[in-house]
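Hi,

Here is the structure I said I would pass on.

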Amino acid sequence: MKKLLCCALVLQGLFVFQVHGGDAFRLENGDLVQAGMKKGEVLAKLGKAEMKDVVRRTGVNTEKMEVWTYFTKDTFGTPVVLTITFVGESATTIDAKQKR
């Protein structure tokens, strides 16, 4: 029984890592939001962002980045703050943190 419980916890930990990684996030309804998606695709899955920020990164090449923030839930129904960063029209990073 202990082995079964340990295996279940390890598998759950791996699943949570994949879901909350920097390249993808699985929503409560099972939809996947992932790096490389266009803004229109993200809007279709999540709707309008609660907050949007525009950041300019200066250096050799000045880049305009948009950061969209959502308050949503993961596949376990846990409330999360989901932050998606876009460079141009494509999502480059996806970050999810448990909402407290």
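Strands here are DSSP runs of E with at least two residues, helices are runs of H or I with at least four, and both are numbered from the N terminus. Before you go further, note that this is a predicted model, where local features need pLDDT of at least 70, side-chain atom pairs count only at pLDDT 80 or more, and totals for chains, interfaces and linings use all residues. Residues are numbered from 1 along each chain as its sequence is written, and side-chain values use heavy atoms, leaving out hydrogens and water.

Now the sheet. β4 (residues 63-73) and β5 (residues 79-87) run antiparallel and are joined by 9 bridges; two strands pair if DSSP finds at least two bridges between them. The open sheet has 4 strands, in the order β3-β4-β5-β6, with antiparallel pairing. Because β3 (51-57) and β6 (90-98) are at the edges with a single partner strand each, one side of each has no neighbour in the sheet.

What about salt bridges (a side-chain nitrogen of Lys or Arg within 4 Å of a carboxyl oxygen of Asp or Glu)? The count is 3. In one of them, K39 pairs with E66, with the closest N and O atoms 2.5 Å apart. That pair links distant parts of the chain, from helix α2 to strand β4, 27 residues apart. K39 also bridges to E89, at 3.9 Å, so K39, E66 and E89 are linked in a network. D95 and K97 form a salt bridge too, at 3.0 Å.

Cheers
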